[in-house]
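Hi everyone, thanks for coming. I'll walk you through one chain today, so please have the viewer open.

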Amino acid sequence: MIMYRFLFFVLLINTLLADHPWVLPRSSSFHHSLELFHARTKHSSSSISLTLSSFLPFVINGSICRDDLLLLVDGLENQEKWALKIIDSWGTKVPPGILEGSHLWYGSYDECLHPLYSPTNQTYVQQPYSTKYCTISSSNSTDGDDMNFFQKPSLIVGICLPESCRSYDFQSKFLKLHCRSEERHFSIGAILTLSLIILLSLFVCFAEFIPRLKEYSVTSSLKKIFSLNHHHSTYSFLNGIRVLSLLWVIFGHTYVFQLTIANNPIHIMDNLYNSWLAQLIIGAVYGVDTFFFISGFLAVAVFLNTFNGQNVFHIRHLFLYYFHRYCRLIPTLVFVLLVSMYLSPWMGTGPIYPASNGFEVSGCYRSWWKTVLFINNMASFEEACLPVTWYIANDFQFHLLAPLLLIPFILNRRRWTYALLILILLINIITTISLVSTHPGFEGGFITMDQAPLDFANKIYITPWCRIGAFIIGMITKLILEQYHPILSSIKVILFTIISILLAIICIYLPFYSNYFPKFILILHQSLSHQCWSIAIGWLIFACSTNHGRLINKILSWPFWMIVARLSYSAYLIHATIILVHVYNQLSTIHYQTSVIFNNFVSLTILSLFASIFIVVLVEMPCSLVEKRMRKYCKDRKQLLINQRSYGTIS
């Protein structure tokens, strides 16, 4: 499919060498992009001016841009250095790696924007006008400030034009010109976001010198983050599982996000399809299911611990649970969202850097409230803010449901709780099977070549009815542990461990051998793999909770994991922004290879953790302390009212 496009693309490139004009098919974005060269002239004295002459027919007559371009043509004919410098920065030279999918011909971004330096006399070559960097792409490709990771790639050619040129000066039915202006202005949102950061920074710094506010200070927060002194917890191994899952997700995003600037995507696709080790990259989607499982497991633990043997349920318990969950998530989420919306346009520059909207699509500025209300997983990826927050939205919605399912358990109607959980799990499985089986190509997930991955993401990957299975299995696992504490024989432990490992291997590696299985097996895999993965994780947690984990339990319970686990929420939210800063600031394409991927993963993970420390100190811990004080105030006031009713007041 894509290979055929590239092969035809090479054929068209070779056609450029012919002496007769050629007609370009309009069937793909690669083909559209080559219309730039359709108007080539036969009798050009220079191959350099040939490309510029090919561009001129698309520029409006009488415009200042056209006049400046004609001046550039004269400069080329006279071999003037400033003109040669401008054309030398164009990306119209055919790069190597066409057969491997090289479709980003950036040219030289810095050479275009900066004057030519002459080392002989240590001066800069004067040019009659300033220049700007622009790109030419097919008219059906995404606009430069609304980059879409799910869109099939199109040819993007970087060119250097006079400052007077505007996008509307270029007229073509099948091509579009996008010029990136370096003149950016602070919006009101950017000013308010910076003001918020400054105020919060001043608060946590000056809190150090105010005894009543000392717990909000930087040193106090850092001590809590890096403290290794902790009370022994039965579930300390969850820290290790959470951190390893976070690293897996970051690794997957590092790999995928950088595909937009790779010059060998065909080689990458070959690895994804034919490399046994590369399946671990695709399998990073199960890291999110591990998060869901842990969240469901802890939801039961927290809710049951609140009642601690009581058989009475009040509505206020439900309200306090929801209030705590919302206050736990929303401050950090809003902070990262503001940074991404209003400050990301100022985090760099480059050939494809989205200087207008930053890392958020234009639809985000209309639908940001969906993210704040945790319903952004109901919207399309094309309109959502902070796309990674689809997980946060699902998690919050699952926590809205969890207490309602646990009420019968509190009231000693435990069978009802199990019945409700199993019913929801069955609905989850049936719904997913129905959606996957009725949409051709969905059985292949994100890596299918025949179906747009965006449609799969919107209808399957981010929807709560398709992702709640892992959360429910986590709840069931914790409820079983609440009632039963079995002592298993070594044979049973080994047997269950082997079964869980086989389930995990099937989840990750069955698509690798998809050619050997009928379609209905692939549909079942796509529909049941997330639940099967959760069962495998469930046995791991069950074994560690009942002291059957042994060495694995010790490794997962290392105190070091606890430090990173405290940063995990902020790190999850900010890591995508850190990766995009790295990707969009690239002035040239990258050649994917194992060492490059691993080095980028390590460096971006470290940067994400450092950024998360800043967010935790500035926002997450102070807001958590405020929420605790509010709950304590409400609890004390309630106790005061009870005492007043019981004993009266002393006047």
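The areas themselves come from the Shrake-Rupley method with a 1.4 Å probe, and for residues only the protein chains shown count as cover.

Some housekeeping before we go on. This is a predicted model, where local features need pLDDT of at least 70 and side-chain atom pairs count only at pLDDT 80 or more, while totals for chains, interfaces and linings use all residues. Residues are numbered from 1 along each chain as its sequence is written, and side-chain values use heavy atoms, with hydrogens and water left out.

Okay, the overall picture. The protein chain has 23 helices and six strands; these are DSSP runs numbered from the N terminus, H or I with at least four residues for helices, and E with at least two for strands. Of the 651 residues, 50% are buried. The chain exposes about 31,800 Å², with carbon and sulfur atoms supplying 65% of that. Now contacts, meaning heavy atoms within 4.5 Å: among those between residues at least 6 apart in sequence, 74% join residues at least 24 apart.

Back to Asn412 for a moment. You'll find it in the loop between helix 15 (390-410) and helix 16 (414-438), and its phi is near 60 degrees, a positive value. Most residues other than glycine have a negative phi. Asn547 also has a positive phi, near 60 degrees. That residue sits in the loop between helix 20 (519-545) and helix 21 (551-556), and it is exposed, with a relative accessible area of 63%.

Four strands form an open sheet in the order 1-5-4-6, with mixed pairing; two strands pair if DSSP finds at least two bridges between them. At the edges are strand 1 (104-105) and strand 6 (175-179), each pairing on one side only. Strand 4 (residues 131-138) and strand 5 (residues 156-162) run antiparallel, joined by six bridges. In that pair, Thr131 stands opposite Pro162 and Thr135 stands opposite Gly158. Strand 1 pairs with strand 5 in the parallel sense, over two bridges, and Leu104 has Ile156 as its bridge partner.

Follow the chain on and you reach Gln171, in the loop between strand 5 and strand 6. Gln171 is exposed, at 54% relative accessible area. Leaving aside neighbours within four places in sequence, it is in contact with Phe58 and Ile60. Gln171 and Ile60 are 111 residues apart in sequence, yet their C-alpha atoms are 7.0 Å apart.

Last stop: two helices. The axes of helix 7 (residues 188-206) and helix 13 (residues 315-343) come within 9 Å and cross at roughly 135 degrees. Axes here are lines fitted to C-alpha atoms over the stretch in contact, and angles run from 0 to 180 degrees between N-to-C directions. The two helices are therefore oblique to each other; under 35 degrees would be roughly parallel, over 145 roughly antiparallel, 65 to 115 roughly perpendicular, and the rest is oblique. Among the residues that meet there are Leu196 and Ile197 in helix 7, and Phe335 and Tyr342 in helix 13.

Conventions
Buried < 20%, exposed > 50% of the residue type's maximum accessible area, 1.4 Å probe, protein only.
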